[in-house]
Amino acid sequence: MGLGQFCGEGNSMGGNGASGSQETGGSVDTISEALAARLAGVVSGLGLPENEFDAILAEASGRSSALARVAGDGPAAAHLAETAAIAQVLAGLAAAGRLGRNRVDRVTRRQASTAGLSSDLVGLVLYVEVLRVRQLLELPPDEAIEAQLRILMGFAPVSEVSLWTSEPDGRPRCMLLLGDGPATRRVRAAARAALETAELIPNERGFIHAIPVLRWGHPLAALVVRARPEQRERALVFAQEATATLVYAIERQALLERSAEGERSLVESSERRLARLGLDLHDGPIQELAAFAGDLHLLRRQLARVIAAHEHGDLVLGRIDDLEARLVELDRELRELAISAESSALMTRSLPELLSAELQAFAGRHKIATQLDIRGRLDSLTASQRITLLRITQEALTNVQAHSRASEVSVTVFPGRAHVSLEVTDNGRGFDVERTLLQAARRGRLGLVGMSERVRLLGGRFDLQSSRGGPTTVSAILPRWRPLEAAAEADHGTAATSVTATATLQAG
């Protein structure tokens with residue numbers, strides 16, 4: 001429902017009644033120009049930085065012009081398009097956490113004055129339009145929930161809003177609270193009552209009101225608002241409108257949490273197998289190798305006494321020295337492999353520390369120059385994400401050393417709002433992707449397959465690109481998301497998912 005449906009004769013886009021439609025009906029371009037001018041006035045009144053003004057105005061004007069052309073000529077169509085465009089602007093501000101009551105009030109008063117309607121009516125129509133903006137529905141669930149609660153706080157006469165779900169034992173758990181202080185016992189009690197009864201819990205004389213968020217008649221959550229008694233009816237109308245869109249974000253959040261639980265089980269199982277592999281390497285082959293090295297050293301000493309005077313004695317002893325050096329290097333690499341199989345370090349060390357240590361060790365072993373560039377914070381990555389990014393980097397470096405003949409490797413990490421990207425780039429010789437993958441599969445060399453599987457388990461996409469002469473690029477895109485509890489912890493300092501991992505390497 002747009003404001004144009006309520007404009008009657010009070011609009012300012014033309015005259016009044018049919019004459020106004022005739023005046024504007026001859027030129028859609030005239031409507032578009034007038035619309036752009038009015039939108040510019042609305043956006044300028046929001047107090048946005050100058051560098052954001054043009055981009056926001058262009059996006060909103062494009063959508064409003066398209067809607068106006070489809071809706072037809074006349075002031076009603078123009079008001080409908082204008083309302084949708086303003087809703088899109090406000091939704092964008094809410095998604096960025098920058099929508100407050102002052103900005104909502106300025107827009108509402110301006111539109112009410114222009115349309116000749118009450119601010120209450122304009123506010124309600126705008127609120128419903130903002131909740132329907134696709135941009136909000138496409139956000140990650142935790143961000144969508146927060147944005148919708150901020151919109152409710154901006155439009156409705158409420159001073160506090162919180163969203164609650166049930167713990168397995170039936171106790172209410174606060175997903176998110178917006179307001180001046182922590183949730184009180186009365187708020188918690190109202191949330192519990194709404195979750196248990198699946199019915200609206202109004203408070204005729206008090207300030208706390210609870211509304212169940214229902215899906216197929218079953219309460220998924222409870223929305224609790226704080227409003228003055230004289231504003232109770234209006235606050236409840238706004239809150240009930242919010243539950244219609246909150247239900248989808250909550251349902252997606254629950255699906256992601258169940259998926260994450262399965263992911264954690266798979267990753268933990270894989271990491272336990274890696275830990276066992278590390279222990280088996282240490283207690284088996286590494287110990288045998290150490291004993292063999294000791295026997296070889298003893299053999300050298302014995303031979304030295306026997307062939308000391310022989311003309312080729314030094315040559316024989318030199319060959320044994322070479323064998324000893326190769327055994328020492330093999331022992332060191334096996335021990336590093338055993339250590340890297342242990343994932344406990346991933347739980348206590350940050351990803352930048354792990355990547356830095358990996359690159360330093362790689363450069364020292366193979367005399368290949370390395371560079372690490374991290375462009376942002378990685379505090380909020382989950383353990384599974386850290387493990388995946390580290391393992392992809394390790395496999396990339398292994399393939400670079402074994403096949404690429406590279407002289408330089410660079411690792412770059414880009415943390416974004418919706419993803420984290422990793423690029424491991426070498427200046428090696430490249431290869432034919434399809435042929436090399438086929439040969440690797442036939443030989444049972446499944447390093448690239450393992451990387452792809454790690455990405456798939458996290459719900460992402462994997463791609464490999466290369467050509468002869470290089471470079472080679474392995475790309476993986478994983479969604480980056482966090483439960484609301486994780487987001488809250490990050491905001492308090494424990495620290496923010498699609499993850500894009502791109503690794504340039506040679507096939508293994």
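**Exercise 1.** Find how helix H5 (residues 101-115) and helix H6 (residues 119-131) pack: at what angle, and how far apart are their axes?

*Solution.* Start with the geometry: H5 and H6 pack at an angle of about 115°, and their axes lie 9 Å apart. Axes here are lines fitted to C-alpha atoms, for helices over the stretch in contact, with angles from 0 to 180 degrees between N-to-C directions. Helices (H or I, at least four residues) and strands (E, at least two) are DSSP runs, numbered from the N terminus.

Next, look at who touches whom, contact meaning heavy atoms within 4.5 Å. H5 brings Val107, Thr108, Arg109, Gln111 and Ala112, while H6 brings Ser119, Val122, Gly123 and Leu126.

A word on the model: it is predicted, so local features need pLDDT of at least 70 and side-chain atom pairs count only at pLDDT 80 or more, while totals for chains, interfaces and linings use all residues. Residues are numbered from 1 along each chain as its sequence is written, and side-chain values use heavy atoms, leaving out hydrogens and water.

**Exercise 2.** Work out the strand order of the open sheet, and why one side of E2 and of E3 has no neighbour in the sheet.

*Solution.* First, the four strands are ordered E2-E1-E4-E3, with antiparallel pairing; strands pair if DSSP finds at least two bridges between them. Then check the edges: E2 (172-178) and E3 (208-215) each have a single partner strand, so one side of each is left without a neighbour in the sheet. Finally, zoom in on E3 and E4 (residues 218-226), joined by eight bridges. There, His209 stands opposite Val225 in E4.

**Exercise 3.** Which strands does helix H9 (residues 185-197) lie across?

*Solution.* H9 lies across E1, E2, E3 and E4, and runs at about 150° to E4.
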